[in-house]
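Please read these notes with the model open beside them. They go point by point and are meant for someone who has not seen it before.

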Amino acid sequence: MKINLEIVTPKGVYLTEEVDSLTIRLTSGYRTFLPGHYPLIGSLDYAPMHTIKNGEINYYAIHGGAINVTKEKTVLICNAIEHAKDIDAVRAKYAHERATKRLSKKDPNIDIKRAQLALARALARLKTLELK
């Protein structure tokens, strides 16, 4: 028995495949889904995610969204997703530094929420690379 996983972003369907398990961080904490998991709707956090399929682990950086688990299918609706192999480590470190500097300044012209989201995305990428 497998999980029918579908990942959708604003750009369209990112991935459709059958996996053995899915581990992802919801806003309420990390959760691992196995075939036959009870139905659930939840909010996705900015964090690493991984799937296991036939013993192979694939890591992704998830940038928020929602999850809908039903008996038939598990659907992730993500703001954005990146496979670990597509993440540029240098760029992620630079984005982290830039967002941290912006947040440390007390400039009233800085969009704090935007800087916080940039930091969350950078941290999700860097944590995903650590797991890879």
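The points below take up a helix, a ring pair, a glutamate and a pocket.

1. Basis. This is a predicted model, in which local features need pLDDT of at least 70 and side-chain atom pairs count only at pLDDT 80 or more, while totals for chains, interfaces and linings use all residues. Residues are numbered from 1 along each chain as its sequence is written, and side-chain values use heavy atoms, with hydrogens and water left out.

2. Helix α2. Helices (H or I, at least four residues) and strands (E, at least two) are DSSP runs, numbered from the N terminus. Helix α2 covers residues 112-131, 20 residues in total, and spans 29 Å from first C-alpha to last, close to the expected 28 Å; the expected span is 1.5 Å times one less than the number of residues. At its start, a side-chain oxygen of D111 comes within 3.3 Å of the backbone nitrogen of K113.

3. Burial of α2. Buried means under 20% relative accessible area, exposed over 50%, and partly exposed in between, with a 1.4 Å probe and protein chains only. The buried residues of α2 are A115, L119, A122, A124, R125, L126 and T128. Their cover includes β5 (40-53), β6 (56-69), β8 (81-83) and α1 (89-104).

4. The aromatic pair. Rings of Phe, Tyr and Trp (its six-membered ring) pair if their centres lie within 6.5 Å; planes under 30 degrees apart are stacked, over 60 edge-to-face, the rest tilted. The whole structure holds 1 such pair. The rings of Y14 and Y60 have centres 6.3 Å apart and planes at 80°, so they are edge-to-face. Y14 lies in strand β2 (residues 12-19) and Y60 in strand β6, 46 residues apart. Y14 is partly exposed at 33% relative accessibility, whereas Y60 is buried at 4%.

5. E82. This residue of strand β8 is buried, with a relative accessible area of 18%. Which residues does E82 touch, leaving aside those up to four places away in sequence? They are Y14, Y59, Y60, A61, H63, I87 and R125, where contact means heavy atoms within 4.5 Å. The side chains of E82 and H63 are joined by a polar contact of 2.8 Å.

6. The largest pocket. Its space is about 240 Å³. Of its 15 lining residues, R91, A95, R98, R121 and R125 are the closest to the centre. The elements giving two or more residues to the lining are α1 and α2, and α1 gives the most, with 6 residues.

Definitions and conventions: Polar contact = N/O pair within 3.5 Å; in protein donor to acceptor, adjacent residues only side chain to side chain. 1 Å grid on protein atoms, 1.4 Å probe; cavity = no way out; pocket = protein on both sides within 12 Å on 5 of 7 lines; lining within 4 Å. Points joined across faces, edges and corners; volume = space filled by probe spheres on them.
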